[in-house]
Amino acid sequence: MLCQRCKRREATVHITRFVGGKKEELHLCRDCAEELLGTGDFLSFDFSLPDLLGSLVKPAKSLLGETRQPVLRCPKCGLTYEGFQEIGRLGCASCYKTFRSKLVPLLRRIHGNTKHGGKVPSKVGKELKVERELEKLRLELESAVRKEEYEKAAQIRDRIRELEGKIAR
Amino acid sequence: MRVEDISLEWIKGIGPKSNIALSSRIRLARNLRDYPFPSVAKRKDLEGVVEKVKGVLEQDPYFKGFSLFMLESLSKVERETLVEKHLISPEHANGGARKAGAVLIEHEGVLSVMINEEDHLRIQCFLGGLQLGEVWRIIDRFDSILEKYVDYAFDEEFGYLTACPTNVGTGLRASVMLHLPGLVMTKKIGKVVEELSKIGLTVRGIYGEGTEALGNLFQLSNQVTLGPSEEEIIDKLEKIALRVIEEEELSRKQLFKVKGIRLEDSLWRAYGILKNARIMSSKEAMELLSQVRMGVDMGILPSIDKRKFNELLISIRPAHLQLSAKRELAPEERDKMRADLLRESF
């Protein structure tokens, strides 16, 4: 094999490096390799956030070899999932819907969670807020019962009924 | 308002524990539903985002005390000044002009918004001391008023949608700027950083590259933005920050016990250099200011207002020196001007 750089001498040095989260093989002759080493370019390694995200998003390599998957493309902004892997940034709000099945495991790895538990814009609806509150109260009820704090449990139950009534209306 | 007139509230040094916790900051990442995110958006879309914000500013009297700056209308030194004040990121200062980047700044110096950085809006709120609860109250109100006029990219499952999945959910990054010379000098800082990372918090040096924390200034912040509520994130960070401050205070006492007069001597020497040097690099100034600040906190050196230290942290930096000189300065000129400024201050 000829050296990728000078394309004249035989490639005797084989290097693996990561660029943009992708593995890249370099095949060089001794002279070119040394020259590149001197410039520091040779070892330029990509260890930035997009790069690390890229490695998080990639599925573990299957032992059966790569199976070709259809390209996922956001209909709104045109970003592909591969494009996201490269730049580490999503293109628009719709990307979250398009890539949902792939994003959920990624979010779990980053945050240890996949569901938002914080502020909701008031426009998005008061109902969601009530449901959130209900979810929290049900957990509290469970724990109160477990601890045999029946008086507290009764209070929580009343509050749940009240909120459920609100949603029904 | 001109860039040189921008003052920051936290600089005053008012707030709980403000001798060690210089500032409390919260940043909210927000995007507009109907525009592509900045990384893929065309300039025209991003100009649309700016127009949208301008429209909101005119609609609500709440926004009367704010000024909007387009980055392309600012000089390089002015943009750098905003970076040194932590009002915009270095990336925004460099690439923002091409992408219709802008910054909205409140005259009180508490709230600001980066427009068209990684996300359409990066709302920031700073106060002095450790008071994230109050910072949250202020920024939450700003966000809720803004939200009446714009449609945020929001999803019931994932929360506020951001360009990078590391910010999705609350879009909230809270941080506390801490001065930790005691933990550095007792070499406890490594363990502190390591342990905090295990509970989902990040500690990094604010100035300096890599692991070096120039001036012993560290930023403690949350990593997780999806799952817990804003209040839970803030509460956790505040409690941990208090614990770190406690350990810092303890370390200073231990240092004094072990080193005694030798510690006093080195702090007085640092003070002497600040008061007498004729040329001073940024790095040396940061180190000496850190020592003198600790000496004042410990009652070893004469009392000096916290505000002076906070002001100097920013005013000795290159763009600020050049802005006040009203011309570009070569590095040697800056070192001289910095030393002059420090001598006048002490």
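What radius of gyration would a compact globule with 346 residues have, and what does chain B have?

1. **Overall size.** A compact globule of 346 residues would have a radius of gyration near 20 Å; chain B has 21 Å, which agrees. This radius is taken over C-alpha atoms, and the globule rule is 2.2 Å times the number of residues to the power 0.38. The C-alpha trace of chain B spans about 65 × 45 × 35 Å along its principal axes.

2. **Basis.** The model is predicted: local features need pLDDT of at least 70, side-chain atom pairs count only at pLDDT 80 or more, and totals for chains, interfaces and linings use all residues. Residues are numbered from 1 along each chain as its sequence is written, chains are lettered from A and ligands numbered from 1, in the order in which they are written.

3. **Burial.** Of the 346 residues in chain B, 49% are buried (20 or more other C-beta atoms within 10 Å of a residue's own, with C-beta atoms placed from the backbone).

4. **Elements.** Chain B has twelve helices and ten strands. These are DSSP runs numbered from the N terminus: helices are H or I, at least four residues, and strands are E, at least two.

5. **The sheet.** Eight strands of chain B form an open sheet with antiparallel pairing, in the order 2-3-4-5-1-8-10-9. Two strands pair if DSSP finds at least two bridges between them. Strand 2 (66–70) and strand 9 (201–205) of chain B are the edges, each pairing on one side only.

6. **One pair.** Strand 4 (residues 111–115) and strand 5 (residues 121–128) of chain B pair in the antiparallel sense over five bridges. B:Ile115 stands opposite B:Leu121 in strand 5 of chain B.

Definitions and conventions
Buried ≥ 20, exposed ≤ 12 C-beta atoms within 10 Å, placed from the backbone.
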